[in-house]
Amino acid sequence: MEAAPPIENIVHAVQTLYHNPDASEKERASNWLDQFQRSVHAWQLSDQLLRMKQNVETCYFAAQTMRTKIQYSFHELPVDSHQSLRDSLINHIEVLSDPNYQVILTQLCLALADLALQMVQWKNSATDLIQRFSGNEAHIPVLMELLTVLPEEIHSRALRLGLNRREEFTQELSTSAPTVLNLMTVCSERYLSDERLLGKVFKCLASWFYLGVVPSNDIAASKLLNLLIQILKKYETPSMLHEAASDCVCSALYAMEDIDDHLVLAEALYRGIMELPEAYAITVAEEDVDKAINYCRIFTELGEAFMEVMVDTPGQGLGDLKILDAVLNCVGNCQYEVAEITFNFWYRLSEILYKRDNKILNDIYRPYIERLIHALGVHCQMDPDHEGIPDESDDFGDFRIRVSELIKDVIFLVGSSTCFAQMFSNLASQQGATWDATEAALFVMTAVAKNVLPDESQVVPQVIQAIIGLPEDTHIAVKHTSIHMVGELSEWIKEHPEVLEPVLNFLTSGLRHRELASVAATSIQNICSQCQEHMKDHCDGLLQIAQALDAFNLSNEAAVGIIKGTAIVLAILPIDKVEAGLRQLVLVQVNPLSQIIKAGAPAGAPAVPKHGTQSDPTVWLDRLAAIFRNTNPQITNGQVHPCQTILQEIWPVLSDTFSKYQGDIRVIERTCRCIRFAVRCVGKGSAVLLTPLVTQMVTIYQMHQHSCFLYLGSILVDEYGGEAGCIPGLVDMLQAFIQPTFQLFQEENGVRYHPDTVDDFFRLCTEIFTEMSHSYSAVDSREPIIQCLNSCLQT
């Protein structure tokens, strides 16, 4: 935009953008206005538009443009124009102080704050603004907004400022802080009945707290702090003002990084906040969730601020454990959203106590953690009318996951076995407990089940027996959680093999249930991983399940888990039995993959598999990868790896997969992954496949630069780089990869758009240097590699 456009054109474009129903016209107007905002003419014309005050849309566009220009294009202005820009912005703010222009005022206040940060010759901007605006009562609200955004914008990433300037400006505000605090105190007294303005005062104070420049002794002695507490104690306080006051108190607590440096303020805040539990109780009785959340934030922030003191001197002075009672009262709120606010506090507390490892401290805090776990268990109860299994994808499901993680973090204070026993005792004592209460208790028990001591012999057998004997009409959610718990008890089951067979029967019956199949499969996998020796006698049954996986309603992840568990158990059998079992397991995956490849797509049509279905090659490739990854039999001297012959037999199918899906990165990556685990599994025994594999990899790479080929190449070098007969082929592989890779990097933004290729290529080069340094001097590829490296470094 070379020449300045007529101002009428700008007004028309803004009106088109906001009011023209034609989408194409809106887009044209938006593009034109965007181009205008980037032009140097935007400074002067935006100023004119604000003076015209034609309508809200045009004024907002002009104010937004002014702020954007100050943020990103301040360098366009000569230094001698900075003062006139400042005066112009201040004049606009004074003229547009009408509440109807609030959204415009906000943009202008931000623009002025950004200007103050960049205009180094403007000293003590906060004090100047107070002198300019405080004399007119009508300007007090906008003055509060200006004083709010000044400290907030110091950390704005949009401003191109160095750390020194930000620190210099922070020091200026620190100098002005007593004046600002005095102004806020006067305003809070003069406009006590003006809830809107009082809220602005508290919001302003909060922003100065967050910056850490408010003199703590002064605020502790001021009437402002007492006013904050009094407002929070009154139930009739309007929600907006209540939230502003809560934010302000939280910001004061947040600002106290070291209580010793702010002891007077810390004591004042502690005394005031400990007057609020009664107000919180009234809020709960009145079912005012928003205010309950505000109180919860305050109590939790108080706990976090005073945590070190509570641990150093529990129950003394500012280490008063009544703070924990206040936080726990919030955890007990009927709304789980309130309880969730406290989670970070409990994480931090458990971390400190774990590091201290002090029995006396643990004994002090144990009752509080027990109350926490009980309250969390209540929150985890599903609606009594819920049907089906627990849903982990919704907000409540996410909350339950976070509860489980929190319990695992704090349980060391109570003991997993103790918690497990207590929850079961509570269940047993509740005659006719509802299904939702039962499921919630089982959910908490599941969270700690993995850490139950293996020598526990009183409670776990009763739990196992109760689960196995669940009536047929038990709610399916209870069955689902029970099956999950059994899997988590796999380490205990390892030490108590007498329960293995009935447990496996129970889990196998779960496989036959559509909604329970996946969780049952996961639990079977866990037991296979922990109880390998005991599972040898059940290997035939595992193979039968693995061969019939698609008859069950399993997720792909759960199916892979069953296969993983089966491979783990197979691997400890005698070598001859390992090969026979693995052949069965592998062929079940390879045969469908082969059929998919042979079926093909119509002539000339691309082969695009339907993601996640049995027609998707990646389903079978993932299962094959799980087999090779988890088959680690004990091989003695002279024995052939049981997977060696199998890998050679299935190679043609894997090769055909490469050929057919060479343009499909998702399938190619999974095929490379499968071969990678197969090579690692078989080791040197797979060398016979090295030549055809490398030949196919480099051929496809010429047309499709899939970085996974480079990664697989580095695996091959690591595995075979020490074999003299393999070295020439590996060197040829590297040389074949270099040219296509270099061409890719030479494209515009080639390095930036292909970070995986960069990583994998130089990983391959590193492996070559490391494993084959004795023969690498003969490789005529150093210069191209150096060119590739330079290309990457220059990006």
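These exercises walk through a predicted model, each with a worked solution.

Residues are numbered from 1 along each chain as its sequence is written. Local features need pLDDT of at least 70, side-chain atom pairs count only at pLDDT 80 or more, and totals for chains, interfaces and linings use all residues, while side-chain values use heavy atoms, with hydrogens and water left out.

**Exercise 1. The whole protein**

Task: Find how many helices and strands the protein has, and what share of its residues is buried.

Solution: 
- Start with the elements. The protein has 43 helices and 0 strands. Helices (H or I, at least four residues) and strands (E, at least two) are DSSP runs, numbered from the N terminus.
- Next, the extent. Along the principal axes, the C-alpha atoms fill a box of roughly 95 × 75 × 55 Å.
- Then burial. Of the 795 residues, 53% count as buried. Buried means under 20% relative accessible area, exposed over 50%, and partly exposed in between (1.4 Å probe, protein chains only).
- Last, the contacts. Among those with a separation of 6 or more, 73% join residues 24 or more positions apart. Contact means heavy atoms within 4.5 Å.

**Exercise 2. The largest nonpolar core**

Task: State which residues have the most contacts inside the largest nonpolar core.

Solution: 
- Define the core. A nonpolar core is a set of buried Ala, Val, Leu, Ile, Met, Phe, Trp, Tyr and Cys residues joined through side-chain atoms within 4.5 Å.
- Read off the answer. The largest one has 281 residues, and L147, F202, W346 and F420 have the most contacts inside it.
- Ask which helix gives the largest share. Helix 6 (residues 102-118) does, with 11 residues.
- Look around F202. Not counting residues up to four places away in sequence, F202 touches L224, L227, L228, I231, L241, A244, A245 and C248.

**Exercise 3. Two helix pairs**

Solution: 
- Recall the description. Two packed helices are described by the angle between their axes and the distance between the axes.
- Take the pair of helix 15 (residues 277-285) and helix 16 (residues 289-305).
- The crossing of helix 15 and helix 16 is left-handed. That term applies if the near helix is turned anticlockwise from the far one by less than a right angle; clockwise is right-handed.
- List the contact. Helix 15 uses P277, A279, Y280 and T283, and helix 16 uses K291, A292, Y295 and F299. By class there are 6 nonpolar, 1 polar and 1 charged. Ala, Val, Leu, Ile, Met, Phe, Trp, Tyr, Cys and Pro count as nonpolar, Asp, Glu, Lys and Arg as charged, and the others, Gly among them, as polar.
- Turn to helix 3 (residues 42-52) and helix 4 (residues 56-72).
- Count its classes. The contact of helix 3 with helix 4 has 10 nonpolar, 3 polar and 2 charged residues.

**Exercise 4. Positive phi**

Task: Is N124 buried or partly exposed, and what is its phi?

Solution: 
- N124 has a positive phi of about 55 degrees, although it is not a glycine.
- N124 sits in the loop between helix 6 and helix 7 (125-133).
- Its relative accessibility is 35%, so N124 is partly exposed.
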